[in-house]
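Dear colleague,

Please find below the structure that I am handing over to you, together with its sequence. My findings follow directly after it.

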Protein chains: 2
Amino acid sequence: MATCQCKKDIRETRVARPQRSEEITKQIIDLIVDRQLPTGAPMPTELSLAEDIGVSRNSIREAVKALQALGIVEVRHGYGTFVGSAGSEALQTWLLFRTRSRGSTDAGRLRDLLEVREMIETELTSRVARDHRPELIGELQACVARMRRKGPDAAVADREFHDLICAEAGFDLARELTGLFWDVYRAAEGEMGGPVSSAPATAKRHQAIVDALVSGDAEAAAHAVHRHFDEVRKRAKAGRYGGFGEARPAVSGSAAS
Amino acid sequence: MATCQCKKDIRETRVARPQRSEEITKQIIDLIVDRQLPTGAPMPTELSLAEDIGVSRNSIREAVKALQALGIVEVRHGYGTFVGSAGSEALQTWLLFRTRSRGSTDAGRLRDLLEVREMIETELTSRVARDHRPELIGELQACVARMRRKGPDAAVADREFHDLICAEAGFDLARELTGLFWDVYRAAEGEMGGPVSSAPATAKRHQAIVDALVSGDAEAAAHAVHRHFDEVRKRAKAGRYGGFGEARPAVSGSAAS
DNA sequence: AGAAGTAGGACGTGGGACGTCCTATGACTT
DNA sequence: AAGTCATAGGACGTCCCACGTCCTACTTCT
């Protein structure tokens, strides 16, 4: 009753061949795109899809499940299936698994998360420093103020702070990704018993970012963001799970592994 | 025989409630994490999963389909189900749909793709400029040389060029994401009848990036990357689908781009 | 007219059957 | 004895059918 009784080994390299059901998935997507169905529009019934495509309802359901997992469709029990927004929430499962799965031996996954967020936010903040609504500053200050008060709201304010900046730049994808990274980082960190962020220090760093934005200096803004993330990394290094480990060179066999 | 005969409207806001089957998905993931099954490890049979969890094989299959869509498991017909790598290929469907779906009215989705890639690659290249293997330069030069020769290989060399730099930094997630963005951009561009890249101009920009890397000047490297993407944007603007449209401010109607 | 009850549509789940694909084992050939 | 081919069995793929649950919209009663 072990995992599997046959002599399968991990070193199987044979790739899964193109599946039939993948074809169904494609057809459903094409249906949405061809008819230009907007987000929220009702999809055909499972039954009518089955008839149109010429497969059983069971196969349709499996295809729909796959699309649902990607946020491409949204299913409501007893009501119908609708076109989804393909928002970043759909990737949460993916990214969280990716972060956890090889996590036991490689805490660097957590670091990757932080690193990508830093890259995007650095550039994003630079651009916002060059051009932003005047009201933004006040909104950011309000977040910082909330962060100064300890409590569960501090984390929320932290996330809102970053989201405000990312939203300001106007790149939806970038904004959603950074939000996703924030959420997954938080979830993975909590799971590994990592450090809870220290609100006062974070507030201080955030204030520095606001100051840079006020001055309109793009490079200063980028610098402030870098320092913010430096501190997060430093805190992580002191955490229970022993920090991230060093960056390893990609291809060469010089170090690491 | 229309899309749906009932009077559903697009403005449905009711959110889908937590589904039972989502629970099954979670249990399967937990199984992988708890047993620390590495990528490629065989999963229990659908039948045994059904017995263990106490649901029908049908439900298991739907859950597995969802996980398969995210690359968390890999199913091989007639052989078994295996733990997947959760690689970025899984997101291709997601991102391509996201880019295409609102594409007809908003070509800005394509721009978002490019923009995020630029942000990540700018930062990544800066870091690589500060520290990289000496062999990297030669490898990059080889790519540039291939790009100078027109033909289908030029695009491949283009992708390899970027991938080499991203790999050098050692952040897997960043590397996979930029690769994903490249692929999806290419696919979406082709679909919209966009411009094929002009190899000589691209090669020139890439050469500038290599030069910056040789000099070890992080800021120069960032600048070179920015100029590279500027050119891609310029080319896109001249494309058949009429360019990206301007950056829109997130909330207010004040300034732009 | 308004509210409660009801019929029907649509998704959720379960169970079983059969086809297809793959591997491993054993018989057969050289 | 070693290699090749045929075969049996395991595991996924697809299908059918039935019933439960949930939601909406219509009908009916007050």
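I begin with a pair of helices in chain B. Helix H2 (residues 46-53) of chain B packs against helix H3 (residues 57-69) of chain B at an angle of about 110°, and their axes are 9 Å apart. The two helices, H2(B) and H3(B), are therefore roughly perpendicular to each other. On the H2(B) side the contact is made by Glu46(B), Leu47(B), Leu49(B) and Ala50(B), and on the H3(B) side by Arg57(B), Ile60(B), Arg61(B) and Val64(B). Sorted by class, this contact of H2(B) with H3(B) has 5 nonpolar and 3 charged residues, and no polar ones. Please bear in mind that the model is predicted.

A second pair in chain B is arranged as follows. The axes of helix H7 (residues 152-169) of chain B and helix H8 (residues 172-191) of chain B come within 8 Å and cross at roughly 165°. H7(B) and H8(B) are therefore roughly antiparallel to each other, and H7(B) passes H8(B) in a right-handed crossing. H7(B) contributes Arg159(B), His162(B), Asp163(B), Cys166(B), Ala167(B) and Ala169(B) to the contact, while H8(B) contributes Ala174(B), Arg175(B), Thr178(B), Gly179(B) and Trp182(B). By class, the contact of H7(B) with H8(B) has 5 nonpolar, 3 polar and 3 charged residues.

Two residues of chain B deserve a note on backbone geometry. Gln36(B) is not a glycine, yet has a positive phi of about 55°. Its place is in the loop between helix H1 (20-34) and H2 of chain B. Gln36(B) is exposed, because 12 other C-beta atoms lie within 10 Å, and a residue counts as exposed at 12 or fewer. Ala86(B), which is not a glycine either, also has a positive phi of about 55°. Ala86(B) is found in the loop between strand S2 (80-83) and helix H4 (90-101) of chain B. Ala86(B) is buried, because 25 other C-beta atoms lie within 10 Å, and the cut-off for a buried residue is 20 or more.

Turning to chain A, there are 10 helices and 2 strands. From the N terminus on, the elements of chain A run α-α-α-β-β-α-α-α-α-α-α-α. Chain A has 257 residues, of which 42% count as buried. Among the contacts in chain A with a separation of 6 or more, 65% are between residues 24 or more positions apart.

Within chain A, helix H7 (residues 152-169) has a number of buried residues, including Ala154(A), Ala157(A), Phe161(A), Ile165(A) and Cys166(A). Asp158(A), His162(A) and Glu168(A) of H7(A) are also buried. What covers the buried residues of H7(A) includes helix H5 (108-130), helix H6 (135-148), helix H8 (172-191) and helix H9 (199-215) of chain A. Just after H7(A), Gly170(A) takes a positive phi of about 90°.

Finally, which residues touch the most other members of the largest nonpolar core? Of the 126 residues in that core, they are Val116(A), Ala174(A), Val116(B) and Ala174(B). Leaving aside residues up to four places away in sequence, Val116(B) touches Ile120(A), Phe171(A), Leu173(A), Ala174(A), Leu177(A) and Phe181(B). In soluble globular proteins, nonpolar side chains tend to be buried together.

With kind regards

How values were computed. Residues numbered from 1 in each chain as written. Chains lettered and ligands numbered in written order. Predicted model: local features only at pLDDT ≥ 70, side-chain atom pairs only at ≥ 80, totals over all residues. Axes fitted to C-alpha atoms, helices over the stretch in contact; angles between N-to-C directions. Helix = DSSP H or I, 4+ residues; strand = E, 2+ residues; numbered from the N terminus. Parallel < 35°, antiparallel > 145°, perpendicular 65-115°, else oblique. Contact = placed C-beta atoms within 7 Å. Nonpolar A, V, L, I, M, F, W, Y, C, P; charged D, E, K, R; others polar. Core = buried A, V, L, I, M, F, W, Y, C linked by C-beta atoms within 7 Å. Left-handed = near helix turned anticlockwise from the far one by under 90°.
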